[in-house]
Amino acid sequence: MRKTERYPVKGANSLWHIYKTVPFFKVVKNFVIIQLARYTPFLAMKNWLYRTFLHMKVGDQTAFALMVMVDIMFPEKIKVGRNTVIGYNTTILAHEYLIEEFRLGDVIIGDEVLIGANSTILPGVTIGEKAVVSAGTLVHKNVPPGAFVGGNPMQVIYTKEQMEERRMHLGKGGSL
């Protein structure tokens with residue numbers, strides 16, 4: 001289950017109320033920083049940009065691949081643990097604008113998580129430590145620690161215990 005706060009609006013859809021919910025110049029600044037980070041090949045620089053200008057919490061040795069798109073309006077609601085990999089062209093959202101309301105939710109990604117390319121992470125989701133998210137997954141609910149998930153809709157493919165068993169077999173000359 002996603003954990004979001006709901007904010008009803010009256011009249012036009014919630015996106016028309018955007019600058020009542022987030023300052024215009026914050027969005028402009030965030031846009032520029034995010035675009036710089038999306039294209040730079042320097043991982044340490046990306047993390048510095050995210051921490052310094054977007055106020056994201058980013059753990060040591062975390063790697064954001066090329067073209068990752070973090071939330072432009074509320075990046076400070078994103079926390080990524082240490083030694084995590086966020087795959088190419090992944091989108092991490094902390095907000096969603098709907099017709100009659102907008103929603104905000106913290107996104108928490110644990111330590112040593114692998115998120116495959118072209119995944120989308122919705123607001124209010126927690127991804128447990130050492131979890132693996134398959135490429136192209138829509139993460140619409142929490143991911144248990146150590147689990148391997150994938151698909152649209154996202155499903156648990158292997159539990160933490162099943163993953164540990166598979167790793168044991170791999171260590172004995174087997175394959176995943």
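The structure, a predicted model, holds seven aromatic pairs, where rings of Phe, Tyr and Trp (its six-membered ring) pair if their centres lie within 6.5 Å; planes under 30 degrees apart count as stacked, over 60 as edge-to-face and the rest as tilted. Two of these pairs are tabulated here.

| Ring pair | Centre distance | Plane angle and class |
|---|---|---|
| Phe24 and Phe25 | 5.1 Å | 75°, edge-to-face |
| Trp48 and Phe53 | 5.4 Å | 90°, edge-to-face |

Accessibility is classed as buried under 20% relative accessible area, exposed over 50% and partly exposed in between (1.4 Å probe, protein chains only). Phe24 is partly exposed at 42%, whereas Phe25, at 66%, is exposed. Trp48 is partly exposed at 45%, and Phe53 is partly exposed at 30%. Elsewhere, ring pairs join Tyr7, Tyr97 and Phe102 into a cluster.

A nonpolar core is a set of buried Ala, Val, Leu, Ile, Met, Phe, Trp, Tyr and Cys residues joined through side-chain atoms within 4.5 Å. The largest such core has 40 residues, of which Phe64, Val70, Ile92, Ile109, Ile121 and Ile127 touch the most other members. Two or more residues each come from α2 (24-39), α3 (43-54), β5 (78-80), β9 (101-104) and β10 (107-109); α2 contributes the most, with four residues. These elements are DSSP runs numbered from the N terminus: helices (H or I, at least four residues) and strands (E, at least two).

Leaving aside neighbours within four places in sequence, Ile121 is in contact (heavy atoms within 4.5 Å) with Thr90, Thr91, Ile92, Leu93, Val107, Ile109, Ile115, Ile127 and Val139.

Residues are numbered from 1 along each chain as its sequence is written, and side-chain values use heavy atoms, leaving out hydrogens and water. In this predicted model, local features need pLDDT of at least 70 and side-chain atom pairs count only at pLDDT 80 or more, while totals for chains, interfaces and linings use all residues.
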